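I opened this model to look up a few things. The entries below are in the order I took them.

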Amino acid sequence: MTAVTAQGRQRESLGEFFLRAPAAGPALALVLAMIVFSLSTSRFLELDNLSLMVNQALVVGTLALGQTLIILTAGIDLSNASAMVLATLIMAKLFAGGMPGVFALIIGVLVAVGIGLVIGSLVTKVKLPPFIVTLGFFTMLTAADKLVASGQAVPVAEHGVLTWLGSQRYLFGGIPVTYGMTVALVMYLVVWYSLTRTAWGKHVYAVGDNAEAARLSGIKVNRTVISVYVVAGMIFGIAAWQALGRIPNADPNAFQLGNLQSITAVVLGGTSLFGGRGSVLGTMVGALIVTVLQSGLSQLGVDSLYQDLATGALVIAAVTVDRLARRKS
């Protein structure tokens, strides 16, 4: 009887562990995927390939970082990639018109911040569902991207501030690392610290878990939600900088699925779509899972359509597991 009880407690503690650390499951999945692909392909673990995968995950990973904050409040942003593309176009257009790159960069980021402020205000003041608001903004911003660009891509001809994040250096004599990787790592650390070590972070989780209970406990819910959309907007603006660093060309048709890819990374990273549970570490792992899956399957010669099928199945599985975990808790 005692042994059965101990076994039950062990199972319960394991379940509680995965609820407390939602990034643990995705991290295990990432390690397993890397082991499988390293055994199945000849160059998967080469330094150049690993660096390439991280670079490919940078823009979506940065979009997913902002998306994580919004989803933690039980919201969602379908317009983040469109806002990012608009910021890239504004940066490139202003720079092409003779404005110094630093000022073009600041204005582009401020445009993304402004979009976040308007969306946050509509969600909190007008009480519109985040899905509807951001769906509307997704449609408007997609059209605005094409209008600003006049249907054509805007190249950034000179190497400077706008493309600096794409500059590469070698660590320890052989590991290729871009400044964009460093900036992304710093951003993740800052957001992680803000969510886990500040009152603001505790308020974000509380609002996502139960907005009414948070309000009754004295938390200014509207102010917290607006601040989340503003911070996310700034992150999307920096994602635009990341995009220009990778490809010095502002294209109105780029990242058309960036919104869905960022949501995929967040969900695969263990953040609950229902709010109140998740971590930025999990989001980083989720973005890497998507990239590792695509890279590994490509090296195995799997068609990209089947890669999308596999990614979609993973998302459904992740949401199902989250739903079941919430019911048990």
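I started with residues 265-293. The chain there is 62% helix and 0% strand, with the end C-alpha atoms 12 Å apart. I take helices (H or I, at least four residues) and strands (E, at least two) as DSSP runs, numbered from the N terminus. Residues 57-90 came next: 79% helix, 0% strand, end C-alpha atoms 23 Å apart. Both spans come from UniProt, where an unreviewed entry lists 17-37, 57-90, 102-122, 170-195, 226-244 and 265-293 as "transmembrane region". UniProt positions are in the numbering used here, feature names are shortened, and annotations may be inferred rather than shown by experiment.

A note on the basis: the model is predicted, local features need pLDDT of at least 70, side-chain atom pairs count only at pLDDT 80 or more, and totals for chains, interfaces and linings use all residues. Residues are numbered from 1 along each chain as its sequence is written, and side-chain values use heavy atoms, with hydrogens and water left out.

I used a 1 Å grid over the protein atoms alone: a cavity is a set of points where a 1.4 Å probe fits but cannot get out, a pocket is an open set with protein on both sides within 12 Å along at least five of seven lines, and lining residues have an atom within 4 Å of a point. Points are joined across faces, edges and corners, and a volume is the space filled by probe spheres set on them.

I found one cavity of 30 Å³ or more. The largest cavity holds about 60 Å³. Its lining includes Asp 77, Asn 80, Ile 115, Ile 119 and Tyr 229. Helix H4 (80-96), H5 and helix H10 (221-246) each give two or more residues. H5 gives the most, with four. By class I get six nonpolar, four polar and one charged. Here Ala, Val, Leu, Ile, Met, Phe, Trp, Tyr, Cys and Pro are nonpolar, Asp, Glu, Lys and Arg charged, and the others, Gly among them, polar.

I then checked the second largest pocket, about 530 Å³ in volume. Of its 19 lining residues, Val 60, Leu 257, Gln 261, Val 290 and Gln 294 lie nearest the centre. The lining has 10 nonpolar, seven polar and two charged residues.

Last, I looked at H5 against H6. Ile 115 and Ile 119 in H5 are among the residues that meet H6, where Phe 137 is one of the partners (contact: heavy atoms within 4.5 Å).
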